[in-house]
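User: I would like a close look at one part of this model, the packing between its helices. Please keep the answer to geometry and contacts.

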Amino acid sequence: AMVLLDDNFATVVKAVMWGRGVTDNIRKFLQFQLTVNICSVLLTFIGAVASSTNSEPLKAVQLLWLNLIMDTFAALALTTERPSETNLRRAPIYRTGPLITNRMWSFILGHCVLQLGVTLLLLYEGHIWFGCGGCGPGEEGELNGGFCREGTEHCTVIFNTFIWMQIFNQFNARKVYGEANCLEGIWS
């Protein structure tokens with residue numbers, strides 16, 4: 001609830017603009033956060049089940065770093081955007097309307113499919129593509145054609161690729177109404 005301190009119509013317009021801006025920022029954050037969490041859970045589950053060494057592609061420390069980086073920076077970046085005049089041109093969102101729209105679900109699931117496809121491809125072929133060295137002593141990896149599959153280097157490549165995809169996903173998550181230019185208004 002907002003309290004308006006005067007009866008000026010411009011104040012009402014500003015209150016509506018800020019109210020819609022807050023709703024948009026919450027939606028942006030949810031869209032990004034659900035994409036990261038669904039994708040990382042599925043990657044960890046599929047990778048652990050399909051692994052010949054019974055180890056997950058993202059280790060516990062890497063998942064902690066992922067959550068720390070994505071929760072902190074995403075919250076700051078996506079929830080602090082100032083409202084714009086374009087918020088007033090949209091139809092209102094009703095109280096009973098869904099917080100996560102069908103368009104947002106398609107964004108979330110589409111990005112999850114893309115990210116899972118890339119990371120699973122890296123999981124199964126990345127050790128050959130990037131020439132990850134032989135498994136060191138005490139490493140859990142599996143030696144496969146002279147390359148260490150699921151070793152430290154290989155898991156680091158997967159982790160870094162996953163982090164970079166989340167950074168690009170953060171820019172894409174800035175738009176929740178199907179706008180084409182995800183970089184629009186980034187400097188303002």
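Which residues in α3 meet which residues in α4?

Analyst: The model is predicted. On the α3 side, the residues in contact are Phe107, His111, Gln115, Val118, Thr119, Leu122, Leu123, Gly126 and His127. They meet His154, Val157, Ile158, Thr161, Phe162, Met165, Gln166, Asn169 and Asn172 in α4. Sorted by class, the contact of α3 with α4 has 8 nonpolar, 10 polar and no charged residues.

Two packed helices are described by the angle between their axes and the distance between the axes. For α3 and α4, the axes come within 10 Å and the crossing is at roughly 160 degrees. Angles over 145 degrees count as roughly antiparallel, and α3 and α4 are therefore roughly antiparallel to each other. Their crossing is right-handed.

Both helices also pack against α1, which covers residues 9–50. Helix α1 has 42 residues and spans 61 Å from its first C-alpha to its last, close to the 62 Å expected at 1.5 Å a residue. Its N-terminal end is capped by Asn8, with a side-chain oxygen 3.2 Å from the backbone nitrogen of Ala10.

With α4 (residues 152–172), the axis of α1 comes within 9 Å, and the two cross at roughly 155 degrees. α1 and α4 are therefore roughly antiparallel to each other, and this crossing is right-handed. From α1, Gln31, Phe32, Thr35, Val36, Cys39, Ser40 and Leu43 meet Phe162, Gln166, Asn169, Gln170 and Asn172 of α4. That contact has 5 nonpolar, 7 polar and no charged residues.

With α3 (residues 102–129), α1 packs at an angle of about 35 degrees, the axes being 9 Å apart. The crossing of α1 and α3 is right-handed. The α1 residues in this contact are Arg27, Gln31, Leu34, Thr35, Ile38, Cys39, Leu42, Leu43, Ile46, Gly47 and Ala50. By class, the contact of α1 with α3 divides into 16 nonpolar, 6 polar and 1 charged.

Technical notes. Residues are numbered from 1 along each chain as its sequence is written. This is a predicted model: local features need pLDDT of at least 70, side-chain atom pairs count only at pLDDT 80 or more; totals for chains, interfaces and linings use all residues. Side-chain values use heavy atoms; hydrogens and water are left out. Axes are lines fitted to C-alpha atoms, for helices over the stretch in contact, and angles run from 0 to 180 degrees between N-to-C directions. Helices (H or I, at least four residues) and strands (E, at least two) are DSSP runs, numbered from the N terminus. Angles under 35 degrees count as roughly parallel, over 145 as roughly antiparallel, 65 to 115 as roughly perpendicular and the rest as oblique. A crossing is left-handed if the near helix is turned anticlockwise from the far one by less than a right angle, and right-handed if clockwise. Contact means heavy atoms within 4.5 Å. Ala, Val, Leu, Ile, Met, Phe, Trp, Tyr, Cys and Pro count as nonpolar, Asp, Glu, Lys and Arg as charged, and the others, Gly among them, as polar. The expected span of a helix is 1.5 Å times one less than its number of residues. A polar contact is a pair of N or O atoms within 3.5 Å; within protein, one must be able to donate a hydrogen and the other to accept it, and residues adjacent in sequence count only if both atoms are side-chain atoms.
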